[in-house]
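Here is a short briefing to read alongside the structure.

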Amino acid sequence: MFELDDLIERIKSNDNRLVALQVPEGLKMQALEMMDAIEEDTSARIILAADPCYGACDLVHDKMQRMGVELVAHMGHSQMNIDSGMPTEFINVTYDGDPAIDPVLPILSAHRKIAERRLSESVNDEMSEEEAQERFMDAVGRVAPLKGAKLGLVGSIQHLHLIFDYKERLESAGFEVEVPVGGARLSFPGQVLGCNYSGDRDDIGHYLFLGSGDFHPIGLVLHTGKPLAMLDPYTGGAEEMSFERIEGILRQRFGLIMSSDKAKTFGILIGEKPGQMRRNLALRMKRKLEKHGRKGYLLALEHVGPELIDFYPVDAFVNTACPRIAIDDSVRYAKPLLTPFELEVVLGDKKWETGYKFDEIP
Ligand code: SF4
């Protein structure tokens, strides 16, 4: 379900003549239909921003201003704490499917037991190098000690209008439920992004994700080190994020860190998209490399891809653009592609025993 009425009202009251429509990849097939609907009801002409768009980090910015675009209509993502320099109307997309919770209850009960066991475990700060490396790769349990075993209820944006209804259903089934509220990059209670899980708290011991796909679940488990169940509103199916899968990713990160140990030269990627641009972090990585007698070259890109960077004569890359590029796509690159935290481990500034730290954009 998407609602164009507010957008049409805004276009009419501003008397906008040229409007850019930006839609996520999954809705591009319906984009022409939306353009027709807006043009029929207003005197504006609509330009589809047809480049790939994966988040509100990727808002149409000044390039369209130079084309004469007065307003951007951005669909399917919520507003972030960024300024693209363009007036932007955010259009919600919601899905009303509300599957029964019964299939997910056995998984949640098993995860609550894991959280309760972790609550009673003490943390051993004295560990050998081998134990520290094992802790680094532990899917659940590597992060700070828990203070509670509550169920954290989160979801992707299309399903968040149902989140408090699900909270009540889960409470009736005997769970103590928290809908976490995150930082300024997030707009709604229970919201998570692929790069931001800032609502996590130490009294939450395990999670339920309302949504489809494993993009957000992988990031949530990497970030929190807590078990996670998934309930898919499109299929009604329930499953858990497999610990083996997360440990596989952590082993891969471990391997890339080890293989960068002797790297002398690094390309430091800076994302040009408004919500991915971390210039200060990139400059900090360059200073760190210099301090450790290594060399960093700053490379700014709108899109990051192997064909755009693999040919540079450097030993490895560190990515300060979208954190998920290094995590999800690293096998596509010929050279190690590290996150800033991973580079700090390579340089010895961060330790294995602190556990893996997900690269979050606050
Ligand atoms: S995960 Fe990447 S694409 Fe998604 S919002 Fe974050 S920076 Fe943008």
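**A walk through the strands and helices**

Strand β7 (residues 204-210) and strand β8 run parallel and are joined by four bridges. Please keep in mind that this is a predicted model.

- Strand β8 covers residues 228-231, and both of its faces are covered.
- Leu228 and Met230 are buried on one side of β8, while Ala229 and Leu231 are buried on the other.
- As background, side chains in a regular strand alternate between the two faces of the sheet.

**The four-stranded sheet**

- An open sheet is built from four strands in the order β2-β1-β3-β4, with parallel pairing.
- The edges are taken by β2 (45-48) and β4 (88-91); each has a single partner strand, so one side of each is left without a neighbour in the sheet.
- From one strand to the next, the twist averages 25°.
- Strand β3 (residues 71-75) runs parallel to β4, and four bridges join the two.
- Within this pairing, Ala73 stands opposite Glu89 in β4.

**Helices on the sheet**

- Helix α1 lies across β1 (18-22), β3 and β4, and runs at about 160° to β4.
- Helix α2 also packs on the sheet, where it touches β1, β2 and β3; the direction of α2 makes about 160° with that of β2.

**How α1 and α2 meet**

- The axes of α1 (residues 5-14) and α2 (residues 31-41) come within 10 Å and cross at roughly 40°.
- The two helices are therefore oblique to each other.
- The crossing of α1 past α2 is right-handed.
- On the α1 side, the contact is made by Leu7, Ile8, Ile11 and Lys12, which meet Ala37, Ile38 and Asp41 in α2.
- Sorted by class, this contact has five nonpolar residues, two charged residues and no polar ones.

**A buried loop residue**

- Where does Ser330 lie? You will find Ser330 in the loop between α11 (323-329) and β13 (337-338).
- Is Ser330 buried or exposed? Ser330 counts as buried because its relative accessibility is 8%, and the cut-off for buried is under 20%.
- Leaving aside neighbours within four places in sequence, Ser330 is in contact with Gln252, Arg253, Leu256 and Ile325.

Definitions and conventions. Residues numbered from 1 in each chain as written. Predicted model: local features only at pLDDT ≥ 70, side-chain atom pairs only at ≥ 80, totals over all residues. Heavy atoms only, no water. Axes fitted to C-alpha atoms, helices over the stretch in contact; angles between N-to-C directions. Parallel < 35°, antiparallel > 145°, perpendicular 65-115°, else oblique. Left-handed = near helix turned anticlockwise from the far one by under 90°. Contact = heavy atoms within 4.5 Å. Nonpolar A, V, L, I, M, F, W, Y, C, P; charged D, E, K, R; others polar. Buried < 20%, exposed > 50% of the residue type's maximum accessible area, 1.4 Å probe, protein only. Pairing = 2+ DSSP bridges.
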